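Take a first look at the chain below.

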Amino acid sequence: MSSWNSYSKFRRNQILENYKEIIDSVLILAIKIPGFSGQKFNMDSLNVMQKFNKLNFRNKIIMNVDGGINNQTIRFVDSENVVSGSYVLGSETPKKNIKILQTSSQYEPI
């Protein structure tokens, strides 16, 4: 369950609406349980990202996505920033993996 999903729909929309003038960044967890490295990307988080991207004040808030980000999942993520632990730090070629993420795998066969 992501931190976004821990609030009811009404509650999270109300929070964003009430504090949109002071919120500059949000973090969407794309994993089920925070705190454990190496988890799989939760495809349900794409719905959260899509809803967030449709907000009328979206252009004022930076979206960060953390969890399960790798060369397979990066192409689905529509955000300004991603956090990728295992895919980068657990690799023998971390610089190459960073470049793959930065280019959304467009130059790397998937």
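Is Glu17 buried, partly exposed or exposed? Glu17 is partly exposed, with a relative accessible area of 40%. Keep in mind that this is a predicted model. Glu17 has a charged partner, Lys20. The two form a salt bridge, and their closest N and O atoms are 2.8 Å apart. Lys20 is partly exposed too, at a relative accessible area of 24%. The value for Lys20 is 24%, and the cut-off for buried is under 20%, so Lys20 does not count as buried.

Now step back to the whole chain. It has four helices and three strands. Read from the N terminus, the elements run α-β-α-β-β-α-α. The chain has 110 residues, and 34% of them count as buried. Contacts also reach along the sequence. Take those between residues at least 6 apart: 51% of them join residues at least 24 apart.

Start with the strands E1 and E2. They run parallel, and five bridges join them. One place to look is Leu29, whose bridge partner in E2 is Asp66. How does the chain get from E1 to E2? It crosses through H2, and this β-α-β crossover is right-handed.

An α-helix has 3.6 residues a turn, so residues three or four places apart point the same way.

Next comes the core. The largest nonpolar core has 21 residues. Which residues have the most contacts inside it? They are Val26, Phe41, Met49, Met63, Val65 and Ile69. Several elements contribute. Strand E1 (25-29), H2, E2, helix H3 (86-89) and helix H4 (94-102) each supply at least two residues of this core. H2 gives the most, with four residues.

Met49 ties these views together. Leave out residues up to four places away in sequence, and Met49 touches Ile28, Phe41, Met63, Val65 and Val77.

Move on to Arg58. This residue is found in the loop between H2 and E2. Is Arg58 buried or exposed? Arg58 is buried, with a relative accessible area of 10%. What does it touch? Setting aside neighbours within four places in sequence, Arg58 is in contact with Phe52, Asn53, Met63, Asp78, Ser79 and Glu80.

Glu80 is the salt-bridge partner of Arg58. Their side chains meet at 3.0 Å, N to O. The pair links distant parts of the chain, 22 residues apart. Arg58 sits in the loop between helix H2 (45-53) and E2, while Glu80 sits in the loop between strand E2 (62-66) and strand E3 (81-83). Arg58 is buried at 10%, whereas Glu80 is partly exposed, with a relative accessible area of 44%.

Go back to the model and find both: Lys20 with Glu17, then Arg58 with Glu80.

Definitions and conventions:
Residues numbered from 1 in each chain as written. Predicted model: local features only at pLDDT ≥ 70, side-chain atom pairs only at ≥ 80, totals over all residues. Heavy atoms only, no water. Salt bridge = Lys/Arg side-chain N within 4 Å of Asp/Glu carboxyl O. Buried < 20%, exposed > 50% of the residue type's maximum accessible area, 1.4 Å probe, protein only. Core = buried A, V, L, I, M, F, W, Y, C linked by side-chain atoms within 4.5 Å. Contact = heavy atoms within 4.5 Å. Pairing = 2+ DSSP bridges. Right-handed = clockwise from strand over helix to strand, strands pointing away.
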